[in-house]
Amino acid sequence: MAGPLNWFAQVLAITKFGLMSMPQRRGAVTATVFGIAGVVGVLVGVLSIAAGFRRAMDASGSPDAAIVLRSGADSEMVSGFGREETRLIADAPGVARNRQGPLASAELFVIINLPKRSTGTDANVPLRGVEGAAVEVRDHLKFVEGRMFEWGKNEVAVGVGAAREFAGLEVGSTIKVGRESWPVVGIFSSGGGVAESEVWTDAKVLQAAYNRGDSFQSVYVRLNSPGAFQGFKDALTANPRLTVKVIRQSDYYAEQSTTLTRLITTLGVLIAGLMAIGAVFGALNTMYSAVAARTREIATLRALGFGGGAVVVALMIESLVLALLGGALGAVVAYVAFDNFRAATMNWQSFSQVTFAFAVTPQLLGQGVIWASAIGLVGGLLPAIRAARLPIATALREL
Amino acid sequence: MSDDPTNSGTLVRVDGVDKVFHRGEEAIHILSNLHLAVPAGQFLALMGPSGSGKSTLLNLIGGLDRPTKGTVAIAGERVDALSDRQLAGWRARHIGFVFQLYNLMPVLTAERNVELPLLLTHLSKVERQKHVATALAMVGLSHRAKHYPRTLSGGEQQRVGIARGIVTDPTLLLCDEPTGDLDRKAGDEILNLLQALNHEHGKTIIMVTHDPHAAARATRTVYLNKGQLSHEPVT
């Protein structure tokens, strides 16, 4: 008679009693749920920073666009080209063209100081000098306010992230760079990408302002297709007049995000791990008290013929349900509190601020649920085994 | 002493049973070389002073505990030789328990409490409901089926406990001080019920009790003292 269906019926029945008796143990239950919610909330919250940063970087590059740097350079900061080199790069095979010519933008990159709105302290903000094709070589770039700067003029256009994070970047205001004043004439978005953290101006004007002659630091190109990358790269690396490093935009930004996301992820997991140890003890306590409060009930069920294995599984399920409740609560709180929360952080590759939005992704929520489940199962196991091993005859007389 | 009624139709046979508990280094002998035979259809009262081992013997017969030595056989099946898992299934099939403190699930209604042992069978929900209704009718509590234990009197709770004990039509009904927590009137109702189950339905019942008034309702009484059985009250 003790088939699997019968066994499941036993598990279901015992689980039901446990869940129904939770209101009688509401103090311990609440403490456990909140403890686990805290773990999941912190974990998801911290990891959403890494996910948001990675998303900002991923949004910056597409596989049919490439960045060309000087060979050996890890970032634009340490790269450099002359005008002739940038022409050779723009004319390489595989570069897409429009009526104006190749979709290639030779760019230079300097860092200026602007006060953060949140703290008033100065932060490094990237000021990028671009060429005419800059908009075409990037995805999703569009103006949300004002207009593009005029070529040859001391004007800047500002990314929405930069405008939000740093003071004095509203359209109509003016920033001081070097000895010159630069009016802000427009604000653009770029689908959450890194460009949103930048201030843009005409490369030629920037060269003059910073006495850079006719030098650049990088060339951004749009390729005919993602498949054209290898041919483009081979052509440049085989060219004896060039010593370059050719990277897909998507790979470049992924690489740039690695250090920070790894650091944040490690910290997040470490903090959540320590909290999880506490939460496991909370779950243990709750489930031990659940077993203690229901000693006679469990013994009665076992006397009636309910199996010890069914008791173990049912108590584990009960613990899991508590943990999932906590996990769901933590996930919801993390989502409400952190998703799309705007922040800026240092990109250690470019030593400049990158603005981004925290991203509570479905993967992170799934990760939170897995952590909660693990806490629930670990916290439920010992009390469940204890319940199943209670001597029935003695336990039946417990008051 | 050895209890030796006629062997024909013996349902419960306890042979040479010792039960020893250990408290630290100390060994406490609860039962010593105990023999008991209970024929099918008997209503046996098991009496004795506190600590005499009445409940221990009941637990051994009900497969809730194992003897240190000796054998316990119910309907010819050696209970002491079964594994824990087999014992659980065996109890579900053959034993109905009635407890002194009723041991009902507070979160379940009377009918759901009675249904519990049926969850261990392959009966459909409809069949289970029929069995539950019959058991509750037998104990006169059909009208209280939807009530939770906390809303029932002690006597009513014990009747629910009895309904739960008999709902699977077990081979043997084991009652541990079934009237021990009830006043005289409610206790009498329970004893009437047990007597009716024995007389009218042929249920074999073993009842542990302190109360001579309760024992008087049984068809046979045995006394347990210092781990041994006798037919005479302990003086």
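In chain B of this predicted model, helix α5(B) passes helix α6(B) in a right-handed crossing; a crossing is termed right-handed if the near helix is turned clockwise from the far one by less than a right angle, and left-handed if anticlockwise. Helix α5 comprises residues 154-166 of chain B, and its axis lies 9 Å from that of α6(B), at an angle of about 20°. Axes are lines fitted to C-alpha atoms, for helices over the stretch in contact, and angles run from 0 to 180 degrees between N-to-C directions. The two helices α5(B) and α6(B) are therefore roughly parallel to each other, given that angles under 35 degrees count as roughly parallel, over 145 as roughly antiparallel, 65 to 115 as roughly perpendicular and the rest as oblique. On the α5(B) side, the contact is made by B:G155, B:Q158, B:R159, B:I162 and B:I166. The partners in α6(B) are B:A186, B:E189, B:I190, B:L193, B:L194 and B:L197. Contact here means heavy atoms within 4.5 Å. By class, the residues joining α5(B) with α6(B) comprise seven nonpolar, two polar and two charged; Ala, Val, Leu, Ile, Met, Phe, Trp, Tyr, Cys and Pro count as nonpolar, Asp, Glu, Lys and Arg as charged, and the others, Gly among them, as polar. An α-helix has 3.6 residues a turn, so residues three or four places apart point the same way.

Residue B:T179 lies in the loop between β7 (172-176) and α6 (184-201) of chain B. With a relative accessible area of 10%, B:T179 is buried, where buried means under 20% relative accessible area, exposed over 50%, and partly exposed in between (1.4 Å probe, protein chains only). Apart from its neighbours within four places in sequence, B:T179 is in contact with B:G187, B:I190, B:L191 and B:A214. Of these, B:I190 also takes part in the contact of α6(B) with α5(B).

Helix α1 of chain B, residues 54-61, is mostly covered, with eight of its eight residues buried. These are B:K54, B:S55, B:T56, B:L57, B:L58, B:N59, B:L60 and B:I61. After α1(B) comes B:G63, whose phi is positive, near 70°.

Chain B as a whole has seven helices and ten strands; helices (H or I, at least four residues) and strands (E, at least two) are DSSP runs, numbered from the N terminus. Of its 235 residues, 56% count as buried. Among contacts in chain B between residues at least 6 apart in sequence, those joining residues at least 24 apart make up 70%. The accessible surface of chain B is about 9900 Å², with 51% belonging to carbon and sulfur atoms. Such areas come from the Shrake-Rupley method with a 1.4 Å probe; for residues, only the protein chains shown count as cover.

Chain A contains twelve helices and 16 strands. Buried residues account for 54% of its 399 residues. In chain A, 79% of the contacts with a separation of 6 or more are between residues 24 or more positions apart. Its accessible surface comes to about 16700 Å², and carbon and sulfur atoms contribute 61% of this.

Within chain A, the axes of helix α8 (residues 249-293) and helix α10 (residues 308-338) come within 11 Å and cross at roughly 135°. Helices α8(A) and α10(A) are therefore oblique to each other, and α8(A) passes α10(A) in a right-handed crossing. Residues A:T286, A:M287, A:A290 and A:V291 of α8(A) meet A:L315, A:E318, A:S319 and A:L322 of α10(A). This contact of α8(A) with α10(A) has five nonpolar, two polar and one charged residues.

Residue A:A384 belongs to helix α11 (residues 362-389) of chain A and is buried, with a relative accessible area of 1%. Its contacts, neighbours within four places in sequence aside, are with A:V312, A:L315 and A:M316. One of these, A:L315, also meets α8(A) from α10(A). Although A:A384 and A:A310 are 74 residues apart along the chain, their C-alpha atoms are separated by 9.8 Å.

Residue A:L88 is placed in helix α3 (residues 83-90) of chain A. A:L88 is buried, with a relative accessible area of 19%. Beyond its neighbours within four places in sequence, A:L88 is in contact with A:L236, A:N239, A:R241 and A:L242. A:L88 and A:N239 are 151 residues apart in sequence and 9.1 Å apart in space, C-alpha to C-alpha.

Residues are numbered from 1 along each chain as its sequence is written, and chains are lettered from A and ligands numbered from 1 in the order in which they are written. In this predicted model, local features need pLDDT of at least 70, side-chain atom pairs count only at pLDDT 80 or more, and totals for chains, interfaces and linings use all residues, while side-chain values use heavy atoms, with hydrogens and water left out.
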